[in-house]
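Subject: Structure handover

Hello,

Here is the structure for your work. Please look through it first; my notes are below it.

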Amino acid sequence: MMKSIIERISQGKFWQFHGGIHPPEQKKLTSEKPIRNIALPKQLILPLQQHIGSQGELLVTVGDKILKGQPLTKSLNPMSVPVHAPTSGIISAIKKSVIAHPSGLSELCIFIDVDGNDSWIKREICNDFKTLDKETIINKIASAGIAGMGGAGFPTHIKLSAKPEINFLIINAAECEPYITADDLLIREQSEAIIDGIKILDHLLTPAFILIGIEDNKPEAIKALQEATRNIEKIKVCILPTKYPTGGEKQLIKVLTGKEIKSGSLPINSGIIVQNIATCFAITDAVIHDIPLIRRVVTVSGKSLGKPQNIWALLGTPISYLLKQCDHTHENNNKLVVVMGGPLMGFSISNAQVPIIKTSNCILAPSAIEMPSAFSGKSNEVECIRCGQCSDVCPSQLMPQELQWSAKAKDYDQLNKLNLFDCIDCGACAYVCPSQIPLVEYYRIAKAEIRQQQLFDVKSEKAKTRFEARKIRLEKDKTARIEKHKKAAEARKAAMNNSTPEANGAKSAVAAALARVKAKKAASNNQKKSISNKEQHESNDQNHESSLKSNDNRKAKISATIAKVKAKKAQEASISKEVELNDSVTSTLKITDDKKVRIAATIAKAKAKEKEIDNKEEKVTFKSSSKNNQQKEST
Ligand code: SF4
Ligand code: SF4
């Protein structure tokens with residue numbers, strides 16, 4: 001199989017990937033000039049994270065003096081690579097600043113005030129990398145902070161640590177996007193160093209074949225590579241027909257080997273590793289010259305520039321500084337219209353302070369004629385007419401129009417079913433869309449939202465796992481505690497039942513304690529009883545006294561009433577005498593008789609009451625004396 005692939009390649013025959021487009025190349029703007037070295041900028045802004053993975057831990061603080069090549073962060077995990085000082089100076093700030101990202105988000109950055117001396121940290125040059133073992137070489141690549149420079153930014157040492165058998169090491173020199181010529185110029189000027197980097201990769205991975213894929217629109221670079229590899233049988237320079245996006249990883253693999261990398265699968269599973277050609281140059285710098293990744297070639301192009309060109313830019317250089325080097329003229333009332341990356345895969349940036357990072361290969365400053373939509377500031381998007389042109393050109397064989405509908409509806413499940421993450425953001429669909437729908441923008445937003453959701457889900461899952469683990473641990477602790485107490489009680493019981501002198505002593509001590517408790521309880525009960533009796537007696541005495549007092553009052557009242565009645569009776573008697581003397585007034589007599597009857601009844605009632613009270617008084621006196629007698633007896 002491998003042999004037939006090589007035979008095909010030797011005959012200049014390649015496979016085709018699905019779709020693709022042929023946009024105007026616009027490479028001549030910069031491809032005719034050498035890479036320019038520029039003066040040091042006054043300030044550099046270095047984001048801590050410039051790659052896929054996590055950022056490293058800071059090694060410097062504000063005010064530190066730093067040397068060129070000095071590490072500023074250290075890696076905390078394999079997916080992290082450090083950043084280094086691109087020149088000497090002083091750390092003036094460590095704070096959040098806008099970075100090169102479609103969302104325009106801010107990330108933690110190190111601000112370096114450049115001192116202009118460009119003083120290096122001590123380095124160790126290695127003239128023969130073969131004297132180093134593989135692990136040392138991989139460590140050198142990792143600690144130099146190298147991450148894929150083609151745009152993805154995947155940490156290089158991870159790919160190189162792979163153990164499986166490698167059939168093809170593919171070097172991506174396609175550089176298929178319009179305007180961009182950074183790799184083209186690098187190959188022309190640094191072909192020997194690039195081939196040294198490829199030799200280091202060969203030493204580490206020992207692949208069966210090394211294929212350098214380059215499009216046929218770079219004749220000088222092709223010539224340089226062919227000359228540099230003339231005596232290396234293993235390396236094949238593959239000249240590919242120009243078609244966008246041949247430089248996509250899966251597309252390049254398909255063109256060179258005919259192999260399809262399925263959705264969700266990695267090239268390494270098919271015995272293939274792909275590295276960018278600029279990464280090979282960085283590997284040589286790191287392993288041989290002990291130079292970490294602190295600079296890269298950036299194409300600064302577009303028709304609003306007086307001098308479009310390729311520049312050796314230090315990482316952290318603000319794009320405003322690069323635009324100034326290329327005589328940028330603002331055509332839009334000083335409003336910045338700049339694209340980071342190429343016209344198809346790039347994204348607009350509105351802040352001139354955004355710095356160059358490891359993956360920045362192009363700054364595009366177009367004119368209003370080149371990119372009218374960027375200047376109009378309004379979208380010309382109209383409804384999808386279902387023409388299907390987007391599907392025809394999609395190199396990942398997706399259905400861009402359906403992806404767009406699901407992205408607008410935020411239907412993440414459907415987007416996953418439609419393999420959104422196989423989309424390589426190539427922009428071919430948006431390029432051909434007659435409705436001018438910015439399809440890639442919708443996909444980017446949807447991808448960012450799904451990643452955010454996944455992060456949230458992972459965090460929730462971790463929190464749930466922690467909670468469950470805690471619950472189990474507490475349950476275990478409780479069971480262990482109960483078991484411990486049970487065992488201790490059993491041990492005590494067993495010890496008590498033994499007839500040893502200690503056990504007997506313990507038993508008698510327990511019995512004595514029980515007796516003491518019983519005695520104490522009995523004493524307490526007696527005391528309570530006596531207090532209760534005393535209280536009862538006191539209460540009875542009080543009741544008796546109050547009863548006597550009440551009877552005295554009533555007796556006084558009754559005596560007063562009797563006196564009143566007697567006085568009235570005497571009065572009646574005198575009246576009666578008068579009546580007897582005057583028999584002629586019969587009506588008066590009758591009245592007097594009635595009154596007499598009522599008075600007699602009243603007197604009888606009063607007397608009866610008086611008697612009743614006397615009786616009661618006698619009873620109370622009797623009771624009281626009998627109780628007193630009883631108390632006396634009991635005491
Ligand atoms: S190319 Fe544009 S208009 Fe045509 S189907 Fe695709 S999204 Fe719709
Ligand atoms: S951007 Fe995505 S959907 Fe559009 S053509 Fe490229 S791979 Fe296909």
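The notes cover the ligand shell, the nonpolar core and some salt bridges. Please keep in mind that this is a predicted model.

Ligand 1

The shell around ligand 1 has seven nonpolar residues, three polar ones and one charged one. Among the residues there are Cys 384, Cys 387, Cys 390 and Cys 433, along with Arg 386 and Gln 401.

Nonpolar core

The largest nonpolar core contains 85 residues, and Leu 72, Ile 171, Ile 198, Ile 212, Val 300 and Ile 363 have the most contacts inside it. Helix H5 (residues 182–205) contributes the most to this core, namely twelve residues. Beyond its neighbours within four places in sequence, Ile 171 touches residues including Ile 198, Leu 201, Ile 212 and Ile 277.

Salt bridges

There are 16 salt bridges in the structure. One joins the side chains of Asp 184 and Arg 188, at 3.1 Å from N to O. Because these two are four residues apart in helix H5, about one helical turn separates them. Asp 184 is buried at 5% relative accessibility, whereas Arg 188 is partly exposed at 23%.

Another pairs Lys 408 with Glu 381, also through side chains, at 3.1 Å from N to O. This pair links distant parts of the chain, 27 residues apart: Lys 408 sits in helix H12 (residues 400–408) and Glu 381 in the loop between helix H10 (372–376) and helix H11 (389–393). Lys 408 is partly exposed, at 39% relative accessible area, and Glu 381 is partly exposed at 24%. Separately, salt bridges with shared partners connect Asp 184, Arg 188 and Glu 220 in one network.

Regards

Note on methods: Residues numbered from 1 in each chain as written. Chains lettered and ligands numbered in written order. Predicted model: local features only at pLDDT ≥ 70, side-chain atom pairs only at ≥ 80, totals over all residues. Heavy atoms only, no water. Near = heavy atom within 4 Å. Nonpolar A, V, L, I, M, F, W, Y, C, P; charged D, E, K, R; others polar. Core = buried A, V, L, I, M, F, W, Y, C linked by side-chain atoms within 4.5 Å. Buried < 20%, exposed > 50% of the residue type's maximum accessible area, 1.4 Å probe, protein only. Contact = heavy atoms within 4.5 Å. Salt bridge = Lys/Arg side-chain N within 4 Å of Asp/Glu carboxyl O.
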